[in-house]
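This report describes the domains, the chain interface and selected residues of one structure. The sequence and coordinates come first.

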Amino acid sequence: MTEITILGSGVAGLCVAAELSGRGCRVTVIDPDTGPGPQGCSWWAGGMLAPDCEGETAEEPVVRLGRQAAAWWQAQGAAVTWNGSLVLALGRDRQELDRFARRTENHTLLDRDGLAALEPHLAERFPRALHMQAESHLNPRQTLLDLRGRLLERGVRFLPDGPTQGTVIDCRGLAARDSLPDLRGVKGEMVILRTPDIALSRPVRLLHPRFPLYIVPRDDGVFMLGATQIESGERGRASVRSVMELLNAAYALHPAFAEAELLEIGVDARPAFADNLPRIRQRNGRIYVNGLFRHGYLLAPALARMVGDWLLDGKTPEVMDENHGER
Amino acid sequence: MPVFYGTDLSSRMMLGTAQYPSPSILAQAFRRSGAGIATVSIRREAGGDRAGADFWDLIRDLGVAVLPNTAGCHSVREAVTTAHMARELFDTRWIKLEVIGHADTLQPDPFGLVEAAQILTEDGFQVFPYCTEDLVLCDRLLDVGCQVLMPWGAPIGTGRGLNNVYGLRSLRAHFPDVPMVIDAGLGLPSQAAQAMEMGFDAVLLNTAVAKAGDPAAMAEAFALAVQAGALARDADPMEPRDMAAPSTPLLGQAVLS
């Protein structure tokens, strides 16, 4: 039986653990916290599985590989909500919606009635919306905790430290920067709110030239607002300006958010390479899976599958990269 | 080619470094445009412990002159503090001075701008002020020691081109020897060519390139337009006329009214 040690229990580590343990490997996950939690940036994610929307700025592999994500998560037992997502723009930014539509695929343009059928609370304020019908979302924290539970049942061990056995797969995200000098952090700030005054059934993106926002609905009237994207590796210190921008945008989306309860302000930095694309890299006797940027839940399944195909079937991964010096 | 504070530039194009899909695409935009100066904001990226250092290293690796800016600063004090941070980080006396007066349109605060420019100039900085095309404001900026002016074409990020052609033409004519860069508001290469034809020394672009579907291609398109406009300017273009003027004489049909 192939022996595997995975470092890190964020979304990358858990996906690789799920894939390899599911294909018969003996897997140990080493993480000082022995599981997912606020110390890792995937804890602060939105949980949108939105490959089509990401295609606005992301490169082709993100869209193509990201389309595999929702089915993979569902096969792992995650509660994936397949309601698509919506893209909106405020009155004076309406050309942003046209630009977004030009640069993305798999959407239909809704008029006010079409929007009302999907999200009645938004229809009174927005005459047009793009419906990205193939997209889905999940609750990231619940998904990671559930996945860890299923991995434990499957015999995967979670240890705070200890000797590494067999093949070592380093999924530590930004913490692996000591051995991946071309990895950088991209700071993101987010807010979690609760209000019974508005209901949404799917993620909503509000386009804006300076303050774009997405809102992901969770259970019990909870909403996640995200996220800033700042070229900084700082993993703490949400700024007033950033939070104010997120809250302003939410208020512009719907005034009901003004009376929402502020549950959490979160901040962390996403691990990214210079092209914002992920890498599987072999170096110093370790395999690194890193650089998922803002696409952790979207791309970790594809990367996990590639690691499995490589280690077990000898197929070279598409995102394999051994040139660690490049910038 | 323009000379800024005694430094000869090899390009009339300056590129901002914000909003690109990735640092790799940003680097491609620089390569394809041949832009000679990169502006970089530091106010927000600085963080507690110089956490933006990785990105700044990427900017330094572009191999072009770095012009740090005070983007996002809404007061004189904030702009001056940020300029000092920039001088330390990039080891340069250059500072692109932005003092924002209006949060929505990002219009410069002309009063704060003059005040901050004076403080920074006295402190040894070489200030590139982001200003409007207002003649009196520009005069005051020169009075306090600025040797370069960066009037807007239109508000930041609007892509509307040269909103006040008359004002810009007048500014150019009043200070023929001051290097001037059209900063902000350009959306299309044709607008950059127009700025060059009017005698401006350079253009600074960010949104128009970074937010294009193919930023690297758009950067090259701007570079070609800037080159075309500057070449046309040097070639002394004809003046527009109110009537058709045949290239070859039409004997017996002249109308001289």
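Which salt bridge do the side chains of A:Glu318 and A:Arg64 meet in, and at what N to O distance? The two side chains pair at 2.7 Å, N to O; a salt bridge here is a side-chain nitrogen of Lys or Arg within 4 Å of a carboxyl oxygen of Asp or Glu. The pair joins distant parts of the chain, with A:Glu318 in the segment after H10 of chain A and A:Arg64 in helix H3 (residues 60–66) of chain A, 254 residues apart. Helices (H or I, at least four residues) and strands (E, at least two) are DSSP runs, numbered from the N terminus.

The model is predicted: local features need pLDDT of at least 70, side-chain atom pairs count only at pLDDT 80 or more, and totals for chains, interfaces and linings use all residues. Residues are numbered from 1 along each chain as its sequence is written, chains are lettered from A and ligands numbered from 1 in the order in which they are written, and side-chain values use heavy atoms, with hydrogens and water left out.

**Salt bridges**

Over all chains, the structure holds 36 salt bridges. Side chains of opposite charge can pair when their charged atoms come close. Some of the pairs are listed below.

| Residue | Partner | Closest N and O atoms |
|---|---|---|
| A:Glu264 | A:Arg141 | 2.9 Å |
| A:Arg177 | B:Asp54 | 2.5 Å |
| A:Arg172 | A:Asp178 | 3.7 Å |
| A:Arg281 | A:Asp182 | 3.1 Å |

Accessibility is given in classes: buried means under 20% relative accessible area, exposed over 50%, and partly exposed in between (1.4 Å probe, protein chains only). A:Arg281 is buried because its relative accessibility is 1%, and A:Asp182 is buried at 8%. A:Arg172 is partly exposed at 28%, whereas A:Asp178 is exposed at 62%. A:Glu318 is partly exposed at 44%, and A:Arg64 is partly exposed at 35%. A network of salt bridges links A:Glu19, A:Arg23, A:Asp309, A:Asp313 and A:Lys315.

**Domains of chain A**

Chain A is assigned domain 1 (3–66 + 138–180 + 274–323) and domain 2 (85–133 + 184–272); the bounds come from an automatic or database domain assignment. Taken over C-alpha atoms, the centres of the two domains are 27 Å apart. Contact (heavy atoms within 4.5 Å) involves 26 residues of domain 1 and 31 residues of domain 2. The buried area between these domains is about 2400 Å², with 56% from carbon and sulfur atoms; buried area is the accessible area (1.4 Å probe) that two parts lose on being put together, summed over both. A:Trp44, A:Glu56 and A:Leu174 supply 28% of the area that domain 1 buries against domain 2, more than any other three residues. The rule finds 3 salt bridges across this domain interface.

**Interface of chains A and B**

Between the chains, 24 residues of chain A are in contact with 25 residues of chain B. The area buried there is about 2000 Å², of which carbon and sulfur atoms give 43%. Across this interface the rule finds 3 salt bridges. On the side of chain A that touches chain B, strand E10 (184–194) and helix H9 (240–253) of chain A each give two or more residues. H9(A) gives the most, with 3 residues.

A:Glu245 is in helix H9 of chain A and is buried at 16% relative accessibility. Apart from neighbours within four places in sequence, A:Glu245 is in contact with A:Phe211 and B:Arg44.

**Two further buried residues**

A:Val307 is in helix H10 (residues 296–313) of chain A and counts as buried at 0% relative accessibility. Beyond four places in sequence, A:Val307 touches A:Val16, A:Leu20, A:Ile169, A:Ile280 and A:Val289.

B:Thr82 lies in helix H3 (residues 76–90) of chain B and is buried at 2% relative accessibility. The side chain of B:Thr82 reaches the backbone oxygen of B:Glu78 at 2.7 Å.

Conventions:
Polar contact = N/O pair within 3.5 Å; in protein donor to acceptor, adjacent residues only side chain to side chain.
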